[in-house]
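Hi everyone, thanks for making time. Let me put the structure up, and then I'll walk you through a few of its details.

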Amino acid sequence: TQAQIGVTGLAVMGANLARNLARHGHVVAVHNRSLSRTTKLVEEHGDEGTFVACETPEEFVAALERPRRVLIMVKAGAPTDAVIEEFAPLLEPGDMLVDGGNAHFLDTRRREAALRERGIHFVGAGVSGGEEGALLGPSIMPGGSKESYAALGPLFEDIAAKVDGVPCCTHIGPDGAGHFVKMVHNGIEYADMQLIAEAYDLLRQGAGLEPSRLADVFDEWNRGELSSYLIEITAEVLRQVDASTGGPLVDVIADRAEQKGTGRWTVQIALDLGVPVSGIAEAVFARSVSGHADLREAARGLPGPTPVPDRTLGDDFVEDVRRALYASKIIAYAQGFDQIRAGSAEYGWDVDPGALATIWRGGCIIRAVFLDRIREAYEESTPPVTLLTAPIFVEALGLAQDSWRRVVAKAAELGIPVPGFSTALAYYDSLRAERLPAALIQGQRDFFGAHTYQRTDREGAFHTLWSGDRSEVGA
Ligand code: NDP
């Protein structure tokens, strides 16, 4: 039998996707640079479906039905280029080479263009859900040509997570679109995690609630509008007791957050596109701050309030924090979706944000009930310019904003850093503002650099003769 699809790169992600495909009745050719992983997969899981174990790339390519579908699941960066160079010469026009790794979308654009010249469909596919998602149903975001999706879509939709029977997989758009949205997905994930961490910090340091009690709080939040995978696992982590100390595990984990780079990419690209993703940026910077042992050590004794739990902060404060978290989350997601719209416009991808929200409802790390609200917002007859003005979020922000302000003020008073909550509120107030102090900035720019300014009452560009008689001239 010829295999319907082949997977090369059988570390956790590749092996689990191959198993997922086999479990769904597809014949899967499997290959890995070092044979041991291939052998292990077939030995341990060969009974889950039909695998064709291949030792060499030639054998692997020969095992596939045509047009061939090859899924690459190797380390992003140079290894992916190496594997493409190894396989592309063995393929024929019309074959499909899918990169399911965490590639930078600009690499994907470059690879797609090069392989298109050779008649090969190169598909950059974002895959989210981690190890477990890959096995049980990930969220899949394939870019590439429409033709390639016609051949790959049914397979991917088959193995993707399902929400209300709808697969968490859709064609995102040409070339790098899939990896772009996966990148922003991860940026949003950073922001969401940061906000949850701030909520925890406020309730722990501010209100003095113990981790076990906080686990119950998060469990309860997980039954309402915040219901999501990240809230669910937060409760699990907080409830975990450390075997060696007998105390909460969270208390013995070093407080330095690491990162693999997709959050940083999101912010770098957002800066290039001119999209204010302050929530994601603060989340990336907060991880960076946590990792700067030198700065933290040097600054530890600086004056300020030492957070002392205020035991008078009761259930009202817990509810305030919940609302502040929800409001800040709306902002972070709205900013992420703005970036997707900007990227889509810049590269001509025509990404459908509602369809994207739909496939993020399940399978991926940011899966949440909330994504269904975003889907609904984009399904309105006039889609909102920003998600903040979708009726459902206008209402939510209206309900939350008093709590949000109280929480940010309280955090400042207690000396608890809440960069995510405060930047979200600042963004909200900036967009709402009738006038911004940007007018003064334009005045300053004109003063030192004759950069000119526009007026509210007349068309044109103007300059004040600051070092002369200070009269205004048209520029
Ligand atoms: P790794 O990123 O750890 O990559 C290991 C695999 O890459 C092995 O199969 C290894 O082969 C192969 N490899 C490395 N260098 C080369 C090379 N030069 N030539 C051929 N093969 C090479 O594996 P993961 O399963 O964690 O991730 C796979 C991809 O999926 C990555 O791009 C990752 O970013 C992405 N991803 C990972 C997620 C996760 O939760 N882990 C979630 C979503 C995406 P060998 O066995 O011979 O060393």
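Before we look at helix packing, a word on terms: axes are lines fitted to C-alpha atoms, for helices over the stretch in contact, and angles run from 0 to 180 degrees between N-to-C directions. Helices (H or I, at least four residues) and strands (E, at least two) are DSSP runs, numbered from the N terminus. Please keep in mind that this is a predicted model, where local features need pLDDT of at least 70 and side-chain atom pairs count only at pLDDT 80 or more, while totals for chains, interfaces and linings use all residues. Residues are numbered from 1 along each chain as its sequence is written, and side-chain values use heavy atoms, with hydrogens and water left out.

So, at what angle do the axes of helix H8 and helix H14 cross? Helix H8 (residues 177-206) and helix H14 (residues 315-347) have axes that come within 10 Å and cross at roughly 165°. Angles under 35 degrees count as roughly parallel, over 145 as roughly antiparallel, 65 to 115 as roughly perpendicular and the rest as oblique; H8 and H14 are therefore roughly antiparallel to each other. Their crossing is right-handed, meaning that the near helix is turned clockwise from the far one by less than a right angle.

Which residues meet there? With contact taken as heavy atoms within 4.5 Å, the H8 side includes Phe180, Ile188 and Leu195, and the H14 side includes Phe317, Leu325 and Tyr333. By class, the contact of H8 with H14 has 18 nonpolar, 4 polar and 2 charged residues. Here Ala, Val, Leu, Ile, Met, Phe, Trp, Tyr, Cys and Pro count as nonpolar, Asp, Glu, Lys and Arg as charged, and the others, Gly among them, as polar.

Next, Leu17, which lies in helix H1 (residues 12-23). Is it buried or exposed? Leu17 counts as buried, at 3% relative accessibility; buried means under 20% relative accessible area, exposed over 50%, and partly exposed in between (1.4 Å probe, protein chains only). Leaving aside neighbours within four places in sequence, Leu17 is in contact with Leu71, Met73, Val127, Ala134, Pro138 and Ile159. Its C-alpha atom is 9.9 Å from that of Phe156, 139 residues apart along the chain.

Now to charges. Side chains of opposite charge can pair when their charged atoms come close. A salt bridge here is a side-chain nitrogen of Lys or Arg within 4 Å of a carboxyl oxygen of Asp or Glu, and by this rule the count comes to 38. One of them joins Arg118 and Glu85, at 3.7 Å from N to O. That pair links distant parts of the chain, 33 residues apart: Arg118 is in the loop between helix H5 (105-117) and strand S6 (121-128), and Glu85 is in helix H4 (residues 78-87). Asp429 and Arg432 also form a salt bridge, with 3.1 Å between the closest N and O atoms. Because Asp429 and Arg432 are 3 residues apart in helix H18 (residues 419-432), about one helical turn separates them.

Last, some backbone details. Most residues other than glycine have a negative phi, and most peptide bonds are trans. Here, a cis peptide bond joins Arg66 and Pro67, with omega about -10°. Thr452 has a positive phi, near 70°, and Arg470 has a positive phi too, near 65°.
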